[in-house]
Amino acid sequence: MNASKWFLMILIISLLKQPQISNGAFEISKQFLEFAKKAEVFEWVVGIRRKIHQNPELGYQEFETSKIIREELNKLGILYKHPVAVTGVVGFVGSGEPPFVALRADMDALSLQEMVEWKHKSKVPGKMHACGHDSHVAMLLGAAKILKHHSHLLKGTVVLVFQPAEEGGGGAKVVIDSGSLENVKAIFGLHVSPEDPLGQVFSRSGTLMAGSGVFEAVIAGKGGHAAIPQHSIDPILAASSVVVSLQHLVSREADPLDSQVVTVAKFQGGGAFNVIPDSVTIGGTFRAFSKETFMQLKQRIEEVIVGQASVHRCNATVEFASKDKPFFPATINDAGLHKFFQKVAGSVLGLDNVKEVSPLTAAEDFSFYQEVIPGYFYFIGMKNEKTEKPMSLHSPFFQLNEDVLPYGAAMQASLAATYLLENQSQSQTS
Ligand SMILES: [Zn+2]
Ligand SMILES: [Zn+2]
């Protein structure tokens with residue numbers, strides 16, 4: 001055989017080995033987006049989002065939200081498990097047979113007073129869907145409707161995960177511990193992104209977001225008269241030294257190429273101009289992109305707080321994650337799923353609308369799923385061209401551009417349906 005024949009043979013083998021998106025899968029993605037954009041489907045999804053927006057509920061208290069989800073699943077004829085992780089719902093659409101692929105939406109709101117005046121403003125004082133989780137729920141119900149309508153195309157089962165308590169409560173971990181996702185082979189999650197254009201998606205292979213933890217320390221001295229400091233042990237000075245020394249962990253000890261964050265965001269102590277208080281409480285957050293760095297940082301935060309406090313004759317106690325506020329691991333996207341995502345997103349939105357992003361120091365509890373299941377997390381743009389400057393997530397002025405809803409629903413449904421198609425064909429050919 002001459003060289004050109006060898007080349008041809010190698011080319012054919014490599015083409016056969018590559019997981020291809022068939023025309024069928026491409027057609028599915030197009031059909032799904034068209035379906036999601038139909039006036040009656042769009043209005044239905046918008047209606048659900050507004051209903052949830054008006055009644056925001058905090059982590060593990062999403063009882064009404066959970067009820068809305070179950071009512072809609074009932075109407076769609078989709079079976080589900082409930083309760084999972086207190087208020088969570090896990091639905092099943094498709095053949096009921098393996099393979100199983102999961103789509104996740106978080107359900108919780110924030111302790112924040114909505115400052116946007118509009119018809120469907122939050123009716124609960126001090127609570128608001130300012131992170132767009134109301135839209136995530138609506139999009140997943142949208143995906144459920146698309147998948148149910150096209151269930152004859154599903155070569156396996158899509159698991160719909162409506163998860164409570166993403167905002168610090170680690171609801172994802174509780175869902176995993178419930179055992180509801182045991183046979184799931186892959187999981188996809190998304191987040192709306194106010195500053196990115198509508199109709200585009202953003203992600204990367206490997207580390208997307210940081211691991212995150214919180215710390216709180218009580219630095220205890222001896223209170224007394226502010227005019228006679230020699231009779232007191234001043235915890236304010238000790239705590240100030242601690243805050244300064246904590247900054248050196250990142251500036252002097254960390255590898256400059258291994259990004260880390262230590263922020264002291266809480267400093268409480270004293271209540272009078274002329275009294276040295278007994279104690280000061282400080283607290284904050286720390287972030288890192290690998291487990292090793294994260295654990296090293298945690299150890300050093302404790303050592304620095306205790307050590308610096310003792311320099312000033314104070315005692316310090318340090319607490320890290322609690323049951324209510326677990327550490328979040330780094331969000332690490334599976335490399336194989338990254339290639340898969342790019343293909344599917346390209347067929348839904350066009351290849352030009354699938355973008356790569358740099359890692360972010362924000363954190364996501366989706367990472368708990370990725371510790372046990374290959375997972376992929378991405379951002380979906382929703383920048384409203386009519387709004388001058390988009391408000392960031394967690395702002396009391398945050399406004400969702402509802403035009404993002406059909407894109408999110410179609411993206412999630414397409415990822416799940418195509419994943420089943422590809423895995424089905426792989427198991428048939430192997
Ligand atoms: Zn948030
Ligand atoms: Zn969020």
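Leaving aside neighbours within four places in sequence, which residues is L33 in contact with? In this predicted model, the partners of L33 are V348, P406 and A410.

**Overall build**
- The chain carries 11 helices and 16 strands, and its C-alpha trace spans about 90 × 65 × 45 Å along the principal axes.
- Out of 430 residues, 45% count as buried.
- Take the contacts with a separation of 6 or more: 81% of them come from residues 24 or more positions apart.

**Two domains**
- Domain 1 is written in two pieces, 19–209 + 330–429, while domain 2 covers 211–319.
- Their C-alpha centres sit 39 Å apart.
- Where they touch, 5 residues of domain 1 are in contact with 7 residues of domain 2.

- L33 belongs to helix α2 (residues 23–37).
- L33 is buried, because it has 21 other C-beta atoms within 10 Å and the cut-off for buried is 20 or more.

**Helices α4 and α5**
- Helix α4 (residues 63–76) and helix α5 (residues 133–149) have axes that come within 11 Å and cross at roughly 10 degrees.
- That angle makes α4 roughly parallel to α5, since anything under 35 degrees counts that way.
- From α4, the contact uses T65, I69, E72, L73 and L76; from α5, V137, L141, A144, K145 and K148.
- Sorted by class, this contact has 6 nonpolar, 1 polar and 3 charged residues.

**The annotated site**
- An unreviewed UniProt entry puts a "binding site" feature at C131, H133, E167, H191 and H394.
- These positions span 264 residues in sequence, but no two of their C-alpha atoms are more than 12.9 Å apart, so they gather at one spot.
- E167 sits in the loop between β4 (157–163) and α6 (171–177).
- With 19 other C-beta atoms within 10 Å, E167 is partly exposed, because buried takes 20 or more.
- Beyond its neighbours within four places in sequence, E167 is in contact with G59, D108, L110 and C131; C131 is itself one of the annotated positions.
- H191, by contrast, lies in strand β5 (residues 184–197) and counts as buried, with 22 C-beta neighbours inside 10 Å.

- Most residues other than glycine have a negative phi, and most peptide bonds are trans, so here are some exceptions to look at.
- The H82 to P83 peptide bond is cis, with omega near -5 degrees, and P83 is in strand β1 (residues 79–84).
- The bond from P98 to P99 is cis too, with omega near 0 degrees; P99 is in the loop between β2 (88–94) and β3 (100–106).
- Y60 isn't a glycine, but it has a positive phi of about 65 degrees.
- Y60 falls in the loop between α3 (39–54) and α4, and it counts as partly exposed, with 18 C-beta neighbours inside 10 Å.
- R313 also has a positive phi, near 65 degrees, in the loop between α8 (291–311) and β13 (315–319).
- R313 is exposed, with 12 other C-beta atoms within 10 Å, because 12 or fewer is the cut-off for exposed.

Conventions. Residues are numbered from 1 along each chain as its sequence is written. Chains are lettered from A and ligands numbered from 1 in the order in which they are written. This is a predicted model: local features need pLDDT of at least 70, side-chain atom pairs count only at pLDDT 80 or more; totals for chains, interfaces and linings use all residues. Axes are lines fitted to C-alpha atoms, for helices over the stretch in contact, and angles run from 0 to 180 degrees between N-to-C directions. Helices (H or I, at least four residues) and strands (E, at least two) are DSSP runs, numbered from the N terminus. Angles under 35 degrees count as roughly parallel, over 145 as roughly antiparallel, 65 to 115 as roughly perpendicular and the rest as oblique. Two residues are in contact if their C-beta atoms, placed from the backbone, lie within 7 Å. Ala, Val, Leu, Ile, Met, Phe, Trp, Tyr, Cys and Pro count as nonpolar, Asp, Glu, Lys and Arg as charged, and the others, Gly among them, as polar. Domain bounds come from an automatic or database domain assignment. UniProt positions are given in the numbering used here, feature names are shortened, and annotations may be inferred rather than shown by experiment.
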